[in-house]
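Dear colleague,

I am passing on the structure we talked about, together with some notes on what turned up in it. Please look through the sequence and the model first, and then read on.

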Amino acid sequence: MTRAFRKHACLICLLLLWRPALAASFILPPEGVDLVGSPTWMHTRHEDTLLDVARDYSVGYHELQRANPGVDTWIPGDGTRVLLPTRYVLPPGAREGVIINLPEYRLYYFPKPEDGEPARVMTFPISIGKMDWDTPLGTHKIVAKHENPSWYPPESIRQARAEQGEILPRVVPPGPDNPLGSYSMRLNLTSYLIHGTNNPDGVGMRVTSGCIRMFPEHIEHLFPLVPVGTPVRIMSEPIKVGWAADTLYVEVHPPLEEESESQLRMRFTSLLRAAAYERGVEIDWARADAIFAAATGVPTEVPLRELRVATP
């Protein structure tokens, strides 16, 4: 075997081994257990940016940035230790269909299990609507699915782009210039889609005109699994609280711009008090407030103490 052949063969092996990571998928825990996944770490290479790390490890840009305060987005440096936010408190409510939590920039899918198979949950980072193009809250459903879709820009988007000097056609055909990517799933709301993208660097940010944008490899994986008629619940929950055995965790995300810090703090206090009351424990509020202030988006153990009951 010649040296040139060996070099070529090694290059092919490397290309086959490298691929963007697919979704995080977990066996669904029983009721009363609300956490899935585990925290993981990686060390950056000198050529990495946090955008590269986000794509390679199936996390969104903002969630990776929040989990690593102080790490430079563009030049994290060779050998920098980066926390991958790969542990999640499950969204509140029924564990079914698609659930999208906007402040978390994340989609959860609860497929119906096959006979004899355990129930699972899959989760993906997403982009959401910009300030003036809100992603609609509420319970919806998927009414149509399209492979290699054409994009019909709504008139509002065409007008907004025209004001910026960009003239959009009435129809953008499938191909590299189509912002929907190769797959789309339409909700029962005019013009709102869950779709891929031709600009994956924007995944995990607030950059869309109201649609839900996914990494191309993620929508390709999800598309065949989700049947038409699947319910889609879109929520705005910056605070998620959950138990794992006797340990209480809280996951705090910065609110969307429409929500004030005082509203968020009230929600934080209310959710923790309710969880603690159910188990007969007290919150160490001084330490819990530090978790609220940090708002890393990473599930963090809430310091507890036994409830003190007054004796007669």
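To begin with the second largest cavity, its lining residues divide into two nonpolar, two polar and five charged; please keep in mind throughout that this is a predicted model. The residues that line this second largest cavity are E63, P85, R87, Y88, E104, R106, E251, H253 and G297, and the space inside amounts to about 30 Å³.

Around the largest cavity the lining is made up of L51, A54, R55, P200, D201, V203 and F215, which by class gives five nonpolar residues, two charged residues and no polar ones.

Turning to the strands, you will find an open sheet of nine strands with mixed pairing, whose order is β1-β8-β7-β6-β15-β10-β11-β12-β14. Its edge strands, each of which pairs on one side only, are β1 (24–27) and β14 (212–213). In general, the strands of a sheet pair through backbone hydrogen bonds, and they may do so either parallel or antiparallel.

With best wishes

How values were computed
Residues are numbered from 1 along each chain as its sequence is written. This is a predicted model: local features need pLDDT of at least 70, side-chain atom pairs count only at pLDDT 80 or more; totals for chains, interfaces and linings use all residues. Side-chain values use heavy atoms; hydrogens and water are left out. On a 1 Å grid over the protein atoms alone, a cavity is a set of points where a 1.4 Å probe fits but cannot get out, and a pocket is an open set with protein on both sides within 12 Å along at least five of seven lines; lining residues have an atom within 4 Å of a point. Ala, Val, Leu, Ile, Met, Phe, Trp, Tyr, Cys and Pro count as nonpolar, Asp, Glu, Lys and Arg as charged, and the others, Gly among them, as polar. Grid points are joined across faces, edges and corners, and a volume is the space filled by probe spheres set on the points. Two strands pair if DSSP finds at least two bridges between them. Helices (H or I, at least four residues) and strands (E, at least two) are DSSP runs, numbered from the N terminus.
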